[in-house]
Amino acid sequence: MAKNTKTVPHYFEHDADVGIIGCGSTIEQAFEVAAQAMFAIVTNLDTVQPDVSIAFEFEEDDLELALVTWLNLLLGKARELGMIFCRFHVHHQGKLWHAEVRGEKWHADLEHGVEVKGATLTMLSVKQIGAMWEARCVVDV
Amino acid sequence: MDLQQLHQIQPYLWTLPLKPGEVRGEVLLYGSAPLLVSMDDKVLEQIANVAQLPGLVGAAITMPDAHWGYGFPIGGVAAFDAEQGGIISAGGVGFDISCGIRCLRSNLRLQDVTPRLSTLADRLFQTIPAGVGEEGALKLDTKQLDQVLLGGARWAVQQGYGTEADLEYIEEQGCVTGAVPANVSELAKKRQRGEMGTLGSGNHYLEVQVVDRIFDFAAAEAFGLQEGQIIISIHCGSRGLGHQIGTDYLVMLAKAAGRCGIHLPDRELACAPIKSLEGQQYIGAMNAGINCALANRQILAHLARETFREVFPSSALETLFDVSHNTCKIEKHEVDGRSRLLHVHRKGATRAFGPGHASLPKRYRAVGQPVIIGGSMGTGSYVLAGSSGNPAFASSSHGAGRALSRHQALSRWQGKQLISELAQQGILIRSRSMRGVAEEAPGAYKDVDLVAEATEQAGLARRVAFLRPKACVKG
């Protein structure tokens, strides 16, 4: 789980929206940290209880589109189920991606940040830099 | 933005000259020199990319409030001809399909409201679901939601939210044709189940405003505006459903562009020929998203009315106008002396039909379409009227436009302190998100006065009235 890695979410500048960056020693870790970065815009993830587990799969063979699809499926699932996610785990075999995420139902006691509408293809990149993978894109808020 | 790259055609109109070997359509930028200087270079890069898309008619255009978006710049306008291989782009519409502003005029004066302004702000904050995770009282199943997607604001009125009179003052009388609910994913519909009648967050708001200054008395009379009058503006869009349509089709259209041999200078310009299967599917879904937004604002207008009646029993709120600023619409425009049917993308730009346009309500036909430029919660907003001979496919600015990024705003301001400072200026803010308030700090936006002035000087729309904020419910 990304929560146990040394990587932390980062952000980059965008005029109207927010650029998110996830880094890790694997593509999957980079995706997981990017998801943390995105949901940390919505609330303080340290206060979210990982009580409920959700699993899903998707297919995508383009790494960059896989990042956008992963993030947008998370947003869609969160709103569909009225949840906020705080722990993220994803792994892939070829174009098939398996995900398990944990969180809890949204409640008024959680810190109110800003709603994320969707992950965009702007400034989208998934690349290896030395021994690390970096996944980044702009999310629309 | 470095003005050295541009050529000034008129005081408020600029173009980007072609570089040797560059192949693209014309780029036109409306605005004053100070506004253009304050724009990020990315605006220029993005609009030049739009000008490379197939089937572009005329120029790819930016409004005076343009800023860096995704794919298209926000404040971007581009028209495409289906008969010439023209495209439809999800990035040219945006995630928040048909985001827009409903403006309501009241029979109340500032002096009526001032003694109970705090109570009014509190009650609006309790009544209007706003912010992350907030749901509306209305829960719809898929079948009911399909009716919303076909009926728009008309559906909402049929359910008892508002009156028939509202519909006359909404673009397309509250319901666009061509919506195909079957083209909207199940996930999009599930996301919307609890979100009808919700404001959302970010730059969305419900604001109580006072008419502070009239610029054009004839248009103000037609719009029913007087100095000292209380106005309500509601800024929001198609909520989770629209966001999910944007999400679903962004990836689909990006792949379709590759299949159709369309070179995308930026992947975010994800598009397909209007006449392609994918293009037609997106148009059907987007129109469903537009109707969702129109219904959403209709419900919110109704909730605002009920709250006003509770606090001020003799109050009456009439719809002044409802304008969308994230759309692609099929419109007839005169190009080179010929009437052509075009798909006009307006991403963060407002339609601004001039006087005499057949689609305008009779009451406004002589003066032009009401155009609303929403400013920040600390400065104010403008009501304008569409100008005759608007040279930008009848388009106008939609807001002040950001001057600082959200990250920069967060590092400069704190939500609680801002709320306190604005209260001292007589502006009451109600929000559950201190982060959201800080990101939306008035100082993070451009000078709305400059944007409105440039909009008028460029011949896009005429200033009619300036609205000063008194209370604001933020998501």
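**Helix packing and chain contact**

Reply: In chain A, the axes of helix α1 (residues 27-42) and helix α2 come within 10 Å and cross at roughly 40°. Axes are lines fitted to C-alpha atoms, for helices over the stretch in contact, and angles run from 0 to 180 degrees between N-to-C directions. This is a predicted model, in which local features need pLDDT of at least 70 and side-chain atom pairs count only at pLDDT 80 or more, while totals for chains, interfaces and linings use all residues. Residues are numbered from 1 along each chain as its sequence is written, and chains are lettered from A and ligands numbered from 1 in the order in which they are written.

Me: Why are α1(A) and α2(A) called oblique to each other?

Reply: Angles under 35 degrees count as roughly parallel, over 145 as roughly antiparallel, 65 to 115 as roughly perpendicular and the rest as oblique. The crossing of α1(A) and α2(A) is roughly 40°, and the two helices are therefore oblique.

Me: What makes the contact of α1(A) with α2(A) nonpolar, polar or charged by class?

Reply: α1(A) contributes A:Ile27, A:Phe31, A:Ala34, A:Ala35 and A:Met38, and α2(A) contributes A:Leu63, A:Leu67, A:Trp70, A:Leu71 and A:Leu74. Two residues are in contact if their C-beta atoms, placed from the backbone, lie within 7 Å. Ala, Val, Leu, Ile, Met, Phe, Trp, Tyr, Cys and Pro count as nonpolar, Asp, Glu, Lys and Arg as charged, and the others, Gly among them, as polar. The contact of α1(A) with α2(A) accordingly has ten nonpolar, no polar and no charged residues.

Me: How are α5(B) and α10(B) oriented to each other, and why?

Reply: The axes of α5 (residues 142-158) and α10 (residues 277-311) of chain B come within 7 Å and cross at roughly 20°. This angle falls under the limit for roughly parallel, and α5(B) and α10(B) are therefore described in that way. Residues that meet here include B:Leu149, B:Gly152 and B:Trp155 in α5(B) and B:Asn291, B:Leu294 and B:Gln298 in α10(B). The residues of this contact divide into twelve nonpolar, four polar and no charged.

Me: Which residues make up the contact between the chains, and from where?

Reply: Chain A gives 29 residues and chain B gives 39 residues. On the side of chain A that touches chain B, α2 (63-81) and β8 (132-140) each supply at least two residues. The largest share, seven residues, comes from α2(A). By class, that side of chain A has twelve nonpolar, ten polar and seven charged residues.

Me: What share of each chain counts as buried?

Reply: A residue is buried if 20 or more other C-beta atoms lie within 10 Å of its own, exposed if 12 or fewer, and partly exposed in between, with C-beta atoms placed from the backbone. In chain A, 56% of the 141 residues count as buried; in chain B, 64% of the 475 residues do.

Technical notes:
Helices (H or I, at least four residues) and strands (E, at least two) are DSSP runs, numbered from the N terminus.
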